[in-house]
Amino acid sequence: MDMKQVNAGKLRAIGYDASAKILHVEFDDRRLVEYAGVPAETWRRLSSAGALWSYFRDNIEDEYTARRLK
């Protein structure tokens with residue numbers, strides 16, 4: 001999965017697997033977290049949000065099942 005480098009709040013990189021509907025998020029403390037069941041539209045909105053960190057907190061962080069990868 002390709003990760004897009006970002007610098008927004010605590011986010012450092014984001015990536016999306018459309019076929020599996022999985023979002024990967026890397027945080028500034030090097031944690032990599034996988035969010036399952038994320039629709040493509042949510043990914044599109046996240047990746048184009050002007051306030052990426054706010055969009056993530058408001059629409060993803062507590063809305064989807066998370067699993068820490070590292």
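This is a predicted model: local features need pLDDT of at least 70, side-chain atom pairs count only at pLDDT 80 or more; totals for chains, interfaces and linings use all residues.
The strands form an open sheet of 5 members in the order β1-β2-β3-β4-β5, and the pairing is antiparallel. From one strand to the next, the twist averages 25°.

Within the sheet, β2 (residues 11-17) pairs with β3 (residues 22-27) in the antiparallel sense through 6 bridges. In this pair, Asp17 stands opposite Ile22 of β3. The pairing of β3 with β4 is likewise described as antiparallel and extends over 5 bridges, with Leu32 in β4 as the bridge partner of Glu26. Strand β4 is joined to β5 by 4 bridges, and these two strands run antiparallel. Here Ala36 stands opposite Thr65 in β5. Of the 5 residues of β4, 4 are buried, so this strand is largely enclosed by the rest of the structure.

Helix α1 (residues 40-48) lies across β1, β2 and β3, and runs at about 150° to β2. Helix α2 (residues 52-59) packs on the sheet, where it touches β1, β2, β3 and β4 (32-36). The direction of α2 makes about 60° with that of β2.

The largest nonpolar core contains 18 residues. The members that touch the most other members are Leu11, Leu23, Val25, Phe27, Tyr35, Leu46 and Phe56. Two or more residues are given to this core by each of β1, β2, β3, β4, α1 and α2. The largest share, 4 residues, comes from α2.

When residues up to four places away in sequence are not counted, Val25 touches Leu11, Ala13, Ile14, Arg31, Leu32, Val33, Tyr35 and Phe56. Among these contacts, Leu11, Tyr35 and Phe56 are also listed with Val25 as core members that touch the most others.

Val6 is found in strand β1. With a relative accessible area of 14%, Val6 is buried, because the value falls under the 20% cut-off. Trp53 is 47 residues from Val6 along the chain, and the C-alpha atoms of the two residues are separated by 9.9 Å.

Most residues other than glycine have a negative phi. Lys21 is not a glycine, yet has a positive phi of about 55°. Lys21 lies in the loop between β2 and β3 and counts as partly exposed, at 44% relative accessibility. Arg30, also not a glycine, has a positive phi of about 80°. This residue is found in the loop between β3 and β4, in a hairpin with 4 residues between the strands. Arg30 is exposed, because its relative accessible area of 58% lies over the 50% cut-off.

Conventions: Residues are numbered from 1 along each chain as its sequence is written. Side-chain values use heavy atoms; hydrogens and water are left out. Two strands pair if DSSP finds at least two bridges between them. Axes are lines fitted to C-alpha atoms, for helices over the stretch in contact, and angles run from 0 to 180 degrees between N-to-C directions. Contact means heavy atoms within 4.5 Å. Buried means under 20% relative accessible area, exposed over 50%, partly exposed in between (1.4 Å probe, protein chains only). A nonpolar core is a set of buried Ala, Val, Leu, Ile, Met, Phe, Trp, Tyr and Cys residues joined through side-chain atoms within 4.5 Å.
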